[in-house]
Every structure is written in structure tokens, then in C-alpha cells.
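Subject: the structure I promised you

Hi,

Have a look at it first, and then read on for what turned up.

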Amino acid sequence: MLNLNLMQHCANILGEALDFHGPADMKLSNYFREHGELGQKDRGEIAECIYGVIRRFRFLKKINGDENNYKKLVIAWLIKIEGRSVRDLEHELSKEEVEWAKTLKSKDTEEYTWPEKLSLPDWLWDLLVEQYGIDEAILLARSFLEPAKLDIRVNTIKISRDDLVDELAKDTTSIEVMTYSPSGIRIARGTSLSRNRLFLEGKIEVQDESSQILSFLVDAKRGMMVADFCAGAGGKSLAIGAIMKNTGRIYAYDISEKRIINLGKRLKKSGLSNLFAQKIKNEKDAKLKKLHGKFDRVLADVPCSGTGTFRRNPDLKWKNSIQDLDELNLKQLAILEEAKKLVKKEGRLIYSTCSLLKRENGLIVESFLEKNKNFKIISANDILIKNQIPLSTGIFLELTPHKQKTDGFFAAVLERTD
């Protein structure tokens, strides 16, 4: 349980994290680096507190009445969310804080609006209700408040899933074989892998099950040419390389040199020799022109609002606005228009986001197909069945935390017909 010292550390970090400039996890890491006296257990409790407050920030701010009193936000989280009694905490609080905590315990929150109760911005709540209906929107928003477990992809180039489970069982008893991904397992959140032998040897990678499923949806066969157009740190490229049994060629493109360097480090320990990472200036980079019409598969996992990742990145709830969606939509369509040029005849363009919003998903696909009559939709269900993945979401891949227990995810498979 948080003592007075750890409460103060939490308050200090919240003072930086709640400006929502820059990722919360990076600010947390920087703080821990500056405070080497904090042990692993203390760091775990502090991290739990920080993410707990950020997840429930709107509700806690409403009940607290003062978003700038960071210690009170921590106390409110402990009492109203974690269910701690005032008696448990009073030896850590001032007399004034104890009296305030007692009023907090009995405070009625029934009159709060749903977005206040569920800690969502109004604009996002309105979009979710419009798209899903209020009952499902409530279920979805509640799922955002539950922290996700740690999802692992087994690198089948180096080890089978069964053998990996046996190996990992020596260190942890909390192992769950994934329902959908044939190369995935799930372990307790907070598990440290940075010094784990299996991680250092490249036998496992951290990757959400939704992203693993997408790698199978690409349906890359041995010997194919594949482009990962917005590769990021390359998790999907590495997964596709393993599915292709280290044959063919995968080109992973990204505009960030830092992400490409990180991919290079992961690639070295992966055992893959069919993956080539390249930095590009933008989606119109001249080096891509000579590859027009060459690829069997092109994956465009585009920048998006990240609404599907709120369990892992709760700070994203407070970083976007409805106006940001307009800009993202323009970028998403622009990337698709450039990515399509790489696709050969009868090749496929796979469009994906980690968003739950139709504006970034189905409507973008509709807009693209209106302009590009030489592309047609291929049923995601058919591809998943062929890959023996027991999942049915319709013509598109559509995953949500409250149904599949994965990050929220969308993908459409578009085949070039001419």
C-alpha cells in the first residue's frame, strides 16, 4: 500500500504527466531514472497509481473539485476506485486531509454524466454512442478502465509456443495461451522482461494480440514481397517475417530514424534474414518509385487517434480533439493513396488502425474505394478461417477490448484487380 513517501512521488509525477504533453510512460521512466533509490516494488506501486489516476482522471477531477491538487487526486483514487478505507490511510494524511477524505467516501456520484463517470471527453463519448449505441458504448468505455495484461508473441523462428510456455513457467505461473493468435501468450501485467533470458535471446516479443492477428490477416506466403509502409518499431514486420518462415523479402519503412534503429536492434536477435528496414522522408519518398507495382502485400497501419489502446495508453484519451480527427483523416487517405502504388496486380493493400472510430476506419475505406475502382474488398473472415484463427468479425477485422479482450483494432483487405 502507498505510504506517505510514495504518495508524494505519485503527486510529483502527476504534476508532469497531467499536462498531457509527451507520453506518460516516458515521463514515468525519466522520473525513475532520476530517483534511483526507488526499488522495483515501489516503482510498481507508483506506476499503478499514476495510470490509475490517468485512466479515471475526469471522474477524479470532478469528485475532487481541484485537478491541481495532485495528492488529493491520489487520495481520491485510493478511496473511490481502489476501495481503501479512510482508517487505512489516516496515518499517512494530515488532519485536514482526513476530514476531506471522510466527505469523499460518502460523496454521491449518481448525478454525474456518463462521460464524467467513465472518464471520457464529451466529443469522444458522443461519437461512441452514435456508432455503438449507449449500452455498448458504456461497456466499451468500462473496458478502457481495466488495465491490460502483458501480451507476448512467441518467435516461432526460434521456439514453438508449447516449448516457450514450458520455459516461461519456470519464472511465472500466470501464463495464458491466447484465444486467437496461434503464436501468442498472455502474462501478468507489470512483469519485467528487459532482463529475461527469453526476451534477450529474441524468443519473445511484446505485442498485443490484435496486432498479432493483423500479421496473419496480411496472409503473406513464402517467397512473397511485402511492404510494411508505416512500420514503427517493426513489431508487425517481425511477426510477418516469422509467418513467412524467413523466406521472401519484407521492406519496413518509417519516417522516424529512431524507430528504424530500434527495429534494427530487434531484428538482430530475431533470427530473421528476410527483413530490410529503411527510413523514408515521407510517403512520397523518391526511393519508393522504383518499387511501384512490385509488392504482393502492402500493409498500411496508419497514424490514428489510438482509441483502441486506451487500456495501455490512457493518457491518449486527453490528447486528441474532434478537430484532430479531421487532420488524421486527411493523412490516412494520403498514405493509402501512396501505399496503393506499391501493390502489384492481384496483390493486396491492407489498411489498419488501432482506432474504434468509423471515421478512421470504414469511412476511410469507402472513400478510398470510391476513387480507386481497381481495388475490391476481400473478406477478413475468409482469410482468418484459412489461417485457422477462430474469429469472425465480418468483412472487416474489427476488435474491441470488451468483446475479444484485445486492444481495439480495425483492418480492411483490398485487392488490386487490374
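In which strand is Tyr251 found? Tyr251 belongs to strand β6; helices (H or I, at least four residues) and strands (E, at least two) are DSSP runs, numbered from the N terminus. Before the rest, some ground rules. This is a predicted model, in which local features need pLDDT of at least 70 and side-chain atom pairs count only at pLDDT 80 or more, while totals for chains, interfaces and linings use all residues. Residues are numbered from 1 along each chain as its sequence is written, and side-chain values use heavy atoms, with hydrogens and water left out.

**Tyr251**

Back to that tyrosine. Tyr251 counts as buried because its relative accessibility is 11% (buried means under 20% relative accessible area, exposed over 50%, partly exposed in between, with a 1.4 Å probe and protein chains only). Leaving aside neighbours within four places in sequence, Tyr251 is in contact with Met225, Val226, Ala227, Asp228, Phe276, Gln278 and Phe295; contact means heavy atoms within 4.5 Å. His91 is 160 residues from Tyr251 along the chain, and their C-alpha atoms are separated by 59 Å.

Helix α2 covers residues 24-34, and its buried residues are Ala24, Lys27, Leu28, Tyr31 and Phe32. Why do they sit on the same side of α2? They cover an arc of only 135° around the axis, the arc being that of the directions from the helix axis to the C-beta atoms. These buried residues pack against α1 (4-17) and α3 (40-55). Turned away from the buried side is a face of α2 that carries the exposed residues Arg33 and Glu34.

Next, have a look at α5 (residues 70-81) and its partner α4 (residues 57-64): their axes come within 10 Å and cross at roughly 105°. Axes here are lines fitted to C-alpha atoms, for helices over the stretch in contact, and angles run from 0 to 180 degrees between N-to-C directions. On the α4 side the residues are Phe57, Phe59, Leu60, Lys61, Ile63 and Asn64, and they meet Lys72, Leu73, Ala76, Trp77, Lys80 and Ile81 of α5. Sorted by class, this contact has eight nonpolar, one polar and three charged residues. For the classes, Ala, Val, Leu, Ile, Met, Phe, Trp, Tyr, Cys and Pro count as nonpolar, Asp, Glu, Lys and Arg as charged, and the others, Gly among them, as polar.

Helix α3 meets α5 as well: the two axes come within 10 Å and cross at roughly 90°, which makes α3 roughly perpendicular to α5. Glu48, Cys49, Gly52 and Val53 of α3 make this contact with Leu73, Val74 and Trp77 of α5. The class count is five nonpolar, one polar and one charged.

**A covered helix**

How many of the nine residues of α13 are buried? In α13 (residues 209-217) nine of nine are buried, so the helix is mostly covered. Ser215 is one of the residues in α13, and at 2% relative accessibility Ser215 counts as buried. Not counting residues up to four places away in sequence, Ser215 touches Gln207, Lys236, Ala239, Ile240 and Ile243.

**Positive phi values**

Most residues other than glycine have a negative phi. Phe20, though, has a phi near 55°; Phe20 is in the loop between α1 and α2 and, at 14% relative accessibility, counts as buried. Asn246 has a positive phi of about 65° and lies in the loop between α14 (235-243) and β6 (249-254). Just after α13, Asp219 takes a positive phi of about 55°.

**What the record says**

An unreviewed UniProt entry places "domain: SAM-dependent MTase RsmB/NOP-type" at residues 140-417; UniProt positions are given in the numbering used here, feature names are shortened, and annotations may be inferred rather than shown by experiment. Over that stretch, residues 140-417, the chain is 32% helix and 23% strand. The unreviewed entry also places "active site" at Cys354, which lies in the loop between β9 (343-353) and α17 (362-371). Cys354 counts as partly exposed, at 22% relative accessibility.

Cheers

Methods. Angles under 35 degrees count as roughly parallel, over 145 as roughly antiparallel, 65 to 115 as roughly perpendicular and the rest as oblique.
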